[in-house]
Structure formats: C-alpha cells, structure tokens
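Some labels attached to a model rest on cut-offs.

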Amino acid sequence: MSQREEVQVIDFEEMLRSIESRLASAGMYVKREAIIAILQAEEAFLLEKGVLQEYSE
C-alpha cells in the first residue's frame, strides 16, 4: 500500500515579506539577511529531522 504524499510549494519571497510585516507590526526591525539565515537554519533542521523533504519533478 503506497502512502499518498501532498506537496506544498511555498514562495520564499512571499514568506519573507510576511515575516517582515509581522515583525514590523510588533515594533521590531530585523535585517532581511538575518531572517534568511534563520529560515535556512530552520530548513536544515527540519530536513535533518525528516519533517521536510527535498522535492524534484
């Protein structure tokens, strides 16, 4: 029995703008480079834990 997998593609630029907007609403300014570094670290962690998987068509 094969397990059906759902693939969701997330627009990185849209995610960055959303994070910047939420931080600004909270009165915080964080450089985009810092946000990108955090997201890359989070992605590496989630890949390592098997929560995210690389996708190729």
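A salt bridge here is a side-chain nitrogen of Lys or Arg within 4 Å of a carboxyl oxygen of Asp or Glu. The model is predicted.

Q: Why is the pair Glu13 and Arg17 called a salt bridge?
A: The N to O distance between the two side chains is 3.7 Å. The cut-off is 4 Å, and the pair is an Arg with a Glu, so the term applies. By this rule the count comes to 3 salt bridges.

Q: Where do Glu13 and Arg17 lie?
A: Both are in helix 1, 4 residues apart, about one turn of the helix. An α-helix has 3.6 residues a turn, so residues three or four places apart point the same way.

Q: What makes the approach of Asp11 to Glu13 a polar contact?
A: At the start of helix 1, a side-chain oxygen of Asp11 comes to within 3.1 Å of the backbone nitrogen of Glu13. The limit for such N or O pairs is 3.5 Å, so the distance meets it.

Q: How do you know what span to expect for helix 1?
A: The expected span is 1.5 Å times one less than the number of residues. Helix 1 has 14 residues, and its reach of 20 Å from first C-alpha to last is close to the expected 20 Å.

How values were computed: Residues are numbered from 1 along each chain as its sequence is written. This is a predicted model: local features need pLDDT of at least 70, side-chain atom pairs count only at pLDDT 80 or more; totals for chains, interfaces and linings use all residues. Side-chain values use heavy atoms; hydrogens and water are left out. Helices (H or I, at least four residues) and strands (E, at least two) are DSSP runs, numbered from the N terminus. A polar contact is a pair of N or O atoms within 3.5 Å; within protein, one must be able to donate a hydrogen and the other to accept it, and residues adjacent in sequence count only if both atoms are side-chain atoms.
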